[in-house]
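My notes follow below the view.

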Amino acid sequence: MTCYEDGVLVGVKSPMMVGRESALTQAELDAATYRGCNNIECEQCGKKVRVFDRQMVGDRSGKSLKDAYATPDFGGLLVTNEFSDAYRTYACACRIKMVSGVRMLAEERYDSDLYWSCAGHGSEEE
Ligand SMILES: [Zn+2]
Ligand SMILES: [Zn+2]
């Protein structure tokens, strides 16, 4: 089961799904009780999207997301500072995005060519 509308990205003020929690439903979206999807995959690089709470993107000059993706600290690309508290940063091997509110992935697809979508929840996916 995948999240309705490809799932949502949420800032740290909204909850992320935990473990194998069930997918986000249309009813939850209608009620604006968002839970950030915790199993997002990028259709462009094929990687799982990594999530970093209370961190934001620092100086990216000369650094490749592909190299950063493979390292535990995301290549030192992320920073913690007085502004980072509101953010959750999501990153795959080709795109990186800071989120402070709620972003629907179905809309990101059209607004910013971000091809991330829910890769499913629950036992049937495995
Ligand atoms: Zn999901
Ligand atoms: Zn990607």
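**Strand pairing**

I began with Y90, whose bridge partner in β7 is K97. This is a predicted model, in which I read local features only at pLDDT of at least 70 and side-chain atom pairs only at pLDDT 80 or more, while totals for chains, interfaces and linings use all residues. Residues are numbered from 1 along each chain as its sequence is written, and chains are lettered from A and ligands numbered from 1 in the order in which they are written.

Two strands pair if DSSP finds at least two bridges between them. By that rule β6 and β7 (residues 96-99) pair in the antiparallel sense over four bridges. T89 stands opposite M98 in β7. A hairpin of four residues joins β6 to β7.

Next I checked the other neighbour of β6. β3 (residues 50-53) pairs with β6 in the antiparallel sense, again over four bridges. There D53 has R88 of β6 as its bridge partner.

I then noted the sheet: it is open, has three strands in the order β3-β6-β7, and its pairing is antiparallel. β3 and β7 are the edge strands, each pairing on one side only. The twist averages 20 degrees from one strand to the next (axes are lines fitted to C-alpha atoms, and angles run from 0 to 180 degrees between N-to-C directions).

**Faces of β6**

Which way do the residues of β6 (residues 88-91) point? R88 and Y90 point one way, T89 and A91 the other, and all are buried. I count a residue as buried if 20 or more other C-beta atoms lie within 10 Å of its own, exposed if 12 or fewer, and partly exposed in between, with C-beta atoms placed from the backbone. In a regular strand the side chains alternate between the two faces of the sheet.

**Core**

A nonpolar core is a set of buried Ala, Val, Leu, Ile, Met, Phe, Trp, Tyr and Cys residues joined through C-beta atoms within 7 Å. The largest has 27 residues, and those with the most contacts inside it include L9, A91 and W116. β1, β2, β6, β7 and β9 each supply at least two of its residues. The largest share, three residues, comes from β1.

**T2**

T2 lies in the segment before β1 (8-10). T2 counts as partly exposed because it has 17 C-beta neighbours inside 10 Å. I found T2 and A119 117 residues apart in sequence but 6.3 Å apart in space, C-alpha to C-alpha.
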